[in-house]
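Subject: A structure for you to look at

Hi,

Here is the structure I promised you.

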Amino acid sequence: MPSPNRSLSGLWSLLAVSLVGILALGGGWWLGHRQSATQASADPKRTLLTKEATRLRLRLDADEATAADRQRLLELLVALDRKGEAIGLLEPMADREPERWSLRLMLAELRRDQGDRSGAERELRQILNLRPTQVEALQLLSLLNLEQGRSAAAEARVKAAYGMAIKPDVRPEALGIGLLLAELQLKRNQAATAAATYLQLANLFPQDQRPLLGLAMLRHDRGETKGAQEALAQARLRSPDPDKPDPRLDKLAASWGLEPLRSPSADQATPTAPTSAPGPRTP
């Protein structure tokens, strides 16, 4: 059974060690980026942003705004936490440019942030009706489903998308969808099924570490130390240069008390920790 501290967003961060991570399933990646920038700003800067937003709004109202003006105004409204206005601006933008799925994804995030889960789900379904294997939309819709206790629905949709992504030919997005599917299976206490998904992904993407890292975490959570060691060792072999130290894998091995799996150079640089008992897993 998965450990209590396993979370979709936490696992996703770890599974991204070998490639740029797919958007975290915590949702709100775009909103959070804008919000953090605002919170770090001093009041004088906020005043300047407010003035810029007012100027752009006047241009919009006068029907003089360019596409770049609308995009900038949208960013400012979110940064200034004026998300209701941002939704009003983004809706027609998304309707005018249906091929730009990222606009509708932003709209879904804004609606979820404002507590409008049904509205967020409606936006995501529009994306998935046109692009059923769109990973980011699947991630956010899965999160919404989980928040509403609909884990079976989340798994069913992602499983269907995964099937589309691997047959008749394997598409690049199959990796992200498969990793999401495995985590949803774990959420539903289907450890054996999740392990099979990780193994299938490891075969379909023989150069990628993430399926093996997911499998290692699953086995570690179930107390299968030897199996975790094997999966982590196989993941290390998929590094661009297996003989070079990988601090992230070394840290993971150390946190589990699996010192033999640390690279030789890491052992020379860092004193070896006791291996009597596995330590807590770090996200």
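Predicted model: local features only at pLDDT ≥ 70, side-chain atom pairs only at ≥ 80, totals over all residues.

Residues are numbered from 1 along each chain as its sequence is written, and side-chain values use heavy atoms, with hydrogens and water left out.

**The whole chain**

The protein chain has 15 helices and 0 strands. Both are DSSP runs numbered from the N terminus: helices are H or I with at least four residues, strands are E with at least two. Of the 283 residues, 46% are buried, meaning under 20% relative accessible area (1.4 Å probe, protein chains only).

**Helices α10 and α11**

Helix α10 covers residues 174–187 and helix α11 residues 191–204; their axes come within 8 Å and cross at roughly 165°. Axes here are lines fitted to C-alpha atoms, for helices over the stretch in contact, and angles run from 0 to 180 degrees between N-to-C directions. That makes α10 roughly antiparallel to α11 (the word is used for angles over 145 degrees). Contact means heavy atoms within 4.5 Å, and the residues making it include Leu-175, Gly-178 and Leu-179 of α10 and Ala-194, Thr-197 and Tyr-198 of α11. By class, they divide into 10 nonpolar, 4 polar and 1 charged. For the classes, Ala, Val, Leu, Ile, Met, Phe, Trp, Tyr, Cys and Pro count as nonpolar, Asp, Glu, Lys and Arg as charged, and the others, Gly among them, as polar.

**Helices α12 and α13**

Now go to helix α12 (residues 210–221), whose axis comes within 8 Å of that of α13, with a crossing of roughly 165°. So α12 is roughly antiparallel to α13. This contact has 8 nonpolar, 3 polar and 2 charged residues. Among them are Ala-216, Arg-219 and His-220 in α12, and Ala-228 and Ala-231 in α13.

**Zooming in on Ala-228**

Ala-228 sits in helix α13 (residues 225–237). Is Ala-228 buried or exposed? Ala-228 counts as buried because its relative accessibility is 0%. Which residues does Ala-228 touch, leaving aside neighbours within four places in sequence? They are Ala-216, Arg-219, His-220 and Trp-256.

Cheers

Definitions and conventions. Buried < 20%, exposed > 50% of the residue type's maximum accessible area, 1.4 Å probe, protein only. Parallel < 35°, antiparallel > 145°, perpendicular 65-115°, else oblique.
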